[in-house]
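Trainee: I'm new to this one. Please pick a single part and walk me through it slowly, charged pairs and strands included.

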Amino acid sequence: MDKQNYPKIDEQEQKQNQEEALPQAPGINVNEPKYELIVRNESQNTETSYLLEDGKEISVGADLECSIPVDDDYISAKHFLLKVQEEGIEVTDNNSRNSLFRKLEGSTIIQQGDTLKAGTTTFIVQERVDGQ
């Protein structure tokens, strides 16, 4: 039997080639946000969902420059801040004129499933419902 001279491939290159050959499922990214914020405005009968990115500060308020703008006459321009952390979601009232469900002193950690209320709007933090 004739021996063919094939170029030798090192283990790292072989592993990289195998990984590239694996099929990629569309739309799946392990770094995608785990939580979402459901915003329900009772006076307008609307519900909108926003992804909460880990470690990113998210502003919520009536100002259109906020990460999550809310159309509610009782919500301040920059009403509160959210930040997803390992121990939960940090909520900080931004000295809003009407507060949240209760006046927060500094910041408070909430967990998925917790509800916040401001004006005629309800905010619900939950794990993403699309299973990712």
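**A sheet and its salt bridges**

Mentor: Let's start with Arg-40, which is partly exposed at a relative accessible area of 35% (buried is under 20%, exposed over 50%, partly exposed in between, with a 1.4 Å probe and protein chains only). Keep in mind that this is a predicted model, where local features need pLDDT of at least 70, side-chain atom pairs count only at pLDDT 80 or more, and totals for chains, interfaces and linings use all residues. Residues are numbered from 1 along each chain as its sequence is written, and side-chain values use heavy atoms, leaving out hydrogens and water.

Arg-40 makes a salt bridge with Glu-47, their closest N and O atoms being 2.4 Å apart; the term means a side-chain nitrogen of Lys or Arg within 4 Å of a carboxyl oxygen of Asp or Glu.

Now the strands, which are DSSP runs of E, at least two residues, numbered from the N terminus. Two of them pair if DSSP finds at least two bridges between them. Strand β1 (residues 35–41) pairs antiparallel with β9 over 7 bridges, and Leu-37 sits opposite Val-125 in β9. On to β8 (residues 115–118): 4 bridges join it to β9 (residues 121–127), again antiparallel, with Leu-116 facing Phe-123. The β8–β9 hairpin has 2 residues between its strands, and Gly-119 in the turn has a positive phi of about 60°.

Put together, you get an open antiparallel sheet of 4 strands, ordered β2-β1-β9-β8. β2 (46–52) and β8 are at the edges with a single partner strand each, so one side of each has no neighbour in the sheet.
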